[in-house]
Amino acid sequence: MSTGTETFEFQAEARQLLQLMVHSIYSNKDIFLRELISNASDALDKLKLAAFTDKDLTVDTSDLHIAIEVDREARTLTVRDNGIGMSRDEVIILIGTIAKSGTAELLEKIRESKDAAGSQDLIGQFGVGFYSSFMVADRVTLLTRRAGESTATRWESDGGATYAVETVDDAPQGTSVTVHLRPEDKEDQLFDYTAEWKIREIVKRYSDFIAWPIRMAVERTDNDGVTTTESETLNSMKALWARSKDDVKEDEYKEFYRHLSHDWTDPLETIHMRAEGTFEYETLLFIPSHAPYDLFMRGAKRGVQLYVKRVFIMDDCQELMPEYLRFVKGVVDAQDLSLNISREILQKDRHIQLMRRRLVKKVLSTVKEMQAGDAERYRTFWTEFGKAVKEGLLDDFDNQSTILEISSFASTADPEQLTTLAQYVERMKEGQTDIYYSTGESRTMIENSPHMEAFRAKGYEVLLLTDPIDEMWVSSVPNFDGKTFQSIAKGQVDLDTDEEKENAGPEREQQEKDFADLLGWLTGQLGENVKEVRLSSRLTTSPACIVGDSQDMTPTLEKMYRAMGQEVPAVKRILELNPTHPLVTGLREAHGKRSDDPAVAETAELLYGMALLAEGGELGDPARFTRLLAERLARTL
Ligand code: ADP
Ligand code: MG
């Protein structure tokens, strides 16, 4: 039975990625073989697992392996596995399209990136996969039969816009990928992928730890000069995580990391540990040196794989790593779980929960050591992953204080450096009990906001929190080292020393009396927008600012909730006036003399509008504000 050949078009993203491959965006073409072997290894993992879990599937799993076959005459290289295989539909979906989220965005970035190194870096983060064979091939043929099915599928493409699919009668179960090597590489010894030494070298280098035998027919000449061909296993097959630390070379860790993560750069940290006792497991975790492009995309996967007694069980094991550490890559191999374990069971399993707790503690303590021992590396870590780690302040109550310890923040203390909270506390002024912070969209915006004035004038350090996540945690984390987090834009500010208070006391009382009328009138006037108008002790140069009550939601947080589609009641805030500013004293006088003059009411409105703008807020009616202001300005000319 053959249905004849059907031609399909690659999905647009797939076509673009293929174009990048055909034009060899990677300088290191050798990796195509690593990718094909990795796919074959995955397919064998899947078959082994299916044989355990699917009782209806009768397959022979006695000799699962990968074979590399070379035809020097035809200049082809074939990677064959007897794994799970693919159905016709699967071939069309899995090979004809790229399902990874964010592909379009990534390809766009690569196109924009001017330098070659930049684009290599980007594509390296993405993982090139099956399509990388088009770096060395002008044609690729794939023949596959899914375990349990009787017909097979042949797929072929030259890496252009289309591929051909044909249903064929017989083929061994599993998949073989045949790469028709490009003729132009023929003379170049370094890139002769039909040479035995070359294949040996690549397998040793990239795929030595693959858990299945990778076999190849090699020629041997014995002492009598007789040449025979025999099959040789090229890889040592030792699961890296199961070896003792002393037996693993740095380079082996790196290669294994690349195999796991498809990331081309070296990891920042390697964590290799073994837990003994009632519940045994081995684990090898990596902290990458840069954030993946999809770290903050919806549905970003977690990077830890679960194995049970060397058998691969699942990728993206959410039960082993919390979401805020989703960038950690690695393998956990547990001895005492069933191979049939399901996600539901995993969620409830007490051992898994204990394991997760230990892994999280280990990752956090590794970062802490890095912070203490290698400032440069810690900085890299925090720049890349800090935003994600801070999510843990909301999600991981147990480790809240450790997460605070390993966090860094921008601060008014030094425009160039981030500070830890411990460093902040060390610098706190005598008598200071709170950690002052401000949230906002950017450093400049916060630094120039009126809320900052008194803190600057009195020399108090303020943390500048500009990540959206900061808004969320800072209002729910109670304290650090017994010191409360205090927003400079919330509540009453009282930075005066006792002595200053004593001296200022009578003056302050007088001010309260002098302004009582104005404040009462303004509260009525602006009542729709603010709940209170009061005199400020946080302003030195601005006429007014807007603050919240200590328990109020900030405007940014309000905006964030709205953007997420949540209903939140509008929060009325407080207008604070600077009693020494000429605009404020002028307004008081004008109100005292002509309380019914509409120009006085307009001034009040402008004052409120300016305070809103100064903190980066949005005016309710910008057109009206501009008109009033323009009229005023015209009169001054
Ligand atoms: P990735 O391995 O990252 O998913 P690839 O481009 O390497 O991306 O492969 C795409 C998909 O094609 C794989 O996820 C797998 O489902 C399927 N595939 C590729 N090679 C094989 C194979 N040898 N056996 C079975 N399925 C395969
Ligand atoms: Mg792959």
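A polar contact is taken as a pair of N or O atoms within 3.5 Å; within protein, one must be able to donate a hydrogen and the other to accept it, and residues adjacent in sequence count only if both atoms are side-chain atoms. The model is predicted, with pLDDT of at least 70 needed for local features and 80 or more for side-chain atom pairs, whereas totals for chains, interfaces and linings use all residues. Residues are numbered from 1 along each chain as its sequence is written, chains are lettered from A and ligands numbered from 1 in written order, and side-chain values use heavy atoms without hydrogens or water.

Asp 349 caps the N-terminal end of α9, a side-chain oxygen lying 2.7 Å from the backbone nitrogen of His 351. Helices (H or I, at least four residues) and strands (E, at least two) are DSSP runs numbered from the N terminus. Helix α9 (residues 350-373) reaches 34 Å from its first C-alpha to its last, close to the 34 Å expected at 1.5 Å a residue, the expected span being 1.5 Å times one less than the number of residues.

Strand β1 (residues 5-9) is hardly covered, with 0 buried among its 5 residues. It is joined to β6 (residues 162-168) by 5 bridges in the antiparallel sense, pairing requiring at least two DSSP bridges between strands. Glu 9 stands opposite Thr 162 in β6.

An open, mixed sheet has the strand order β21-β23-β22. Its edge strands are β21 (530-535) and β22 (544-547). β22 pairs antiparallel with β23 (residues 573-577) over 4 bridges, and Ala 544 stands opposite Leu 577.

Conventions. Buried < 20%, exposed > 50% of the residue type's maximum accessible area, 1.4 Å probe, protein only.
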